[in-house]
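Please look at the sequence and the model below before reading on.

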Amino acid sequence: MSLSRRGLFSLSGGIVSAVGLTACGIALSSPGGSTGALLPSRLPLPSPFATELPRLTPLRPDRDGRAAITVRRKAIEILPGRTTEIAGYDGLFPGPTIEATKGEPLHLSLRNELDVPVVNHLHGGVTPAEHDGYPTDLVQPWHARDYHYPLDQRAATLWYHDHAMDLTGPNVYAGMAGAFVLRDPAEDDLGLPGGERELTLVITDRSFGEDAELVYPVSEGVIEYRYHGGVLGDVMLVNGAPWPYLDVDAARYRLRILNACNARRLELAFDGGSGQTTEIAQVGTDQGLLTRPHRRSALTLAPAERADVVVDFAQHAVGSQVTLVNRLGDEAMGQVMRFDVARRAKDDSRVPERLSTIERIDPASVVTTRDFRLSLGATGGSSGHASHADAQGRSLAMWAVNGRPYEPGVDIARPRLGTVERWRFTTDVHHPVHAHLVHFQVEQDGAPAWKDTIDVGPTSRAEVLVPIEGYRGRYVLHCHNLEHEDRMMMADFSVV
Ligand code: C2O
Ligand code: CU
């Protein structure tokens with residue numbers, strides 16, 4: 001048993017195998033395979049499949065490539081008949097879906113009308129460091145700034161969200177997240193479903209108080225110890241609506257699915273009733289199209305991961321109900337939304353066997369191999385302690401990379417621009433690992449694929465090849481369980 005494992009046990013005073021631990025423990029895993037603790041809502045949960053799936057509001061840059069967003073509070077209807085105040089982009093939750101084109105730079109002006117500082121990060125973007133949303137690069141209340149995104153990269157389903165130091169979890173939870181669809185006109189000829197039959201699904205879990213306001217377990221700026229492993233909501237929202245439904249044609253749909261939950265992992269499948277599973281053709285990952293479709297019956301998405309899939313609802317008779325289920329969730333959280341196959345329809349779309357070209361990196365080109373260990377705080381040595389206390393004596397877990405809690409300005413690595421590296425990650429519990437700027441080449445179903453976030457399981461090791469491309473400067477790599485990130489599971493690296 002590793003040192004970090006012992007650290008976990010001593011922290012919680014016992015084997016951690018389920019949510020609902022001793023009061024002083026951090027929930028490090030739940031039966032559903034997420035790291036974290038369930039935060040129960042204090043009102044009756046809405047009935048599933050009663051709200052129509054909201055269309056996300058598109059935001060398209062003008063002819064000069066400019067777009068503007070204001071971060072503000074707004075009372076909106078999330079639960080039927082109730083109002084919830086969010087803090088989000090243009091007062092929307094999720095924020096507007098930015099639609100941009102590969103190779104056409106975007107100038108995004110972000111105005112902060114909140115009383116707290118914010119930071120904008122384009123997740124998956126190849127962005128110069130000064131525009132990347134470094135955690136201390138704050139936009140102060142009632143200030144604005146321009147972010148320049150060159151977007152000289154593969155077309156992909158990206159997303160943007162807040163990245164403020166120590167506050168990313170509560171800020172994203174309050175509403176600061178939106179999809180960003182980067183398109184490449186060259187992909188139009190593939191014949192994948194488009195128009196009304198291309199949907200972006202932003203999945204988030206949230207919990208609500210009696211007053212229907214969002215609850216997040218933070219007091220005086222410090223998240224409650226019990227939730228240091230992650231905050232799991234008990235209401236599943238898709239595009240901001242609880243367990244919505246959508247009438248669909250008996251035809252192919254392209255679904256760009258984003259897991260924007262703070263900590264919840266999802267294993268998604270389409271259940272057509274009476275045990276009939278629906279084939280999913282995965283056409284893309286975090287960083288764009290695969291080389292060929294990967295056909296599967298289920299799909300795992302850790303926080304921040306995206307999948308681009310095509311589902312043919314003609315596999316089901318008109319009148320059937322196809323539930324998007326989450327096999328890692330209990331009871332209500334085992335369901336996500338429902339597609340009601342409403343009508344027969346003409347379908348000219350297709351899923352070609354050749355989708356894109358990805359050149360496999362030759363492992364012999366690797367110049368440096370780096371190891372990153374993601375684990376709870378123990379600093380190594382025989383007496384490594386796993387928690388600290390703040391000035392009020394409250395316990396604070398420190399999640400760490402290579403034993404060090406995050407310290408801005410201290411580089412864990414200095415890779416050289418234009419080289420290829422191998423990065424290896426080892427874990428204690430589940431950690432979705434994400435790096436800014438660079439992308440990871442992985443093998444998926446026997447083919448190379450591009451990712452920016454990988455789901456590394458408990459006590460596992462994962463290895464990726466990383467071309468160091470883009471820009472020189474300082475970036476971060478971190479765990480995308482946002483409670484881990486805020487509790488220091490982050491490190492700087494500088495491209496030199
Ligand atoms: Cu999705 Cu550092 O972020
Ligand atoms: Cu983590």
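The protein holds three helices and 38 strands, where helices (H or I, at least four residues) and strands (E, at least two) are DSSP runs numbered from the N terminus. This is a predicted model, in which local features need pLDDT of at least 70 and side-chain atom pairs count only at pLDDT 80 or more, while totals for chains, interfaces and linings use all residues. Residues are numbered from 1 along each chain as its sequence is written, chains are lettered from A and ligands numbered from 1 in the order in which they are written, and side-chain values use heavy atoms, with hydrogens and water left out.

**Overall shape and surface**

- For 496 residues, a compact globule would have a radius of gyration near 23 Å, and the 22 Å of the protein agrees with this; the radius is taken over C-alpha atoms, and the globule rule is 2.2 Å times the number of residues to the power 0.38.
- Taken along the principal axes, the C-alpha atoms fill a box of roughly 65 × 55 × 50 Å.
- Of the 496 residues, 61% count as buried, a word that means under 20% relative accessible area, whereas exposed means over 50% and partly exposed lies in between (1.4 Å probe, protein chains only).
- Among the contacts with a separation of 6 or more, 76% are between residues 24 or more positions apart, a contact being heavy atoms within 4.5 Å.

**Strands and their pairing**

- Seven strands form an open sheet of mixed pairing in the order E16-E15-E11-E18-E23-E20-E21, and two strands are said to pair if DSSP finds at least two bridges between them.
- The edge strands of this sheet are E16 (241-242) and E21 (288-296), each of which pairs on one side only.
- Strand E20 (residues 280-285) pairs with E21 in the antiparallel sense over five bridges, and Gln282 has His294 in E21 as its bridge partner.
- Strand E31 (residues 420-427) runs antiparallel to E36 and is joined to it by seven bridges, with Arg422 standing opposite Leu465 in E36.
- Because five of the seven residues of strand E36 (residues 461-467) are buried, this strand is largely enclosed by the rest of the structure.

**A buried proline in a loop**

- Pro94 lies in the loop between strand E4 (84-89) and strand E5 (97-101), and it counts as buried because its relative accessibility is 8%.
- Not counting residues up to four places away in sequence, Pro94 touches Leu56, Ala177, Gly178, Val202, Asn239 and Gly240.
- Pro94 and Val202 are 108 residues apart in sequence, and their C-alpha atoms are 7.4 Å apart in space.
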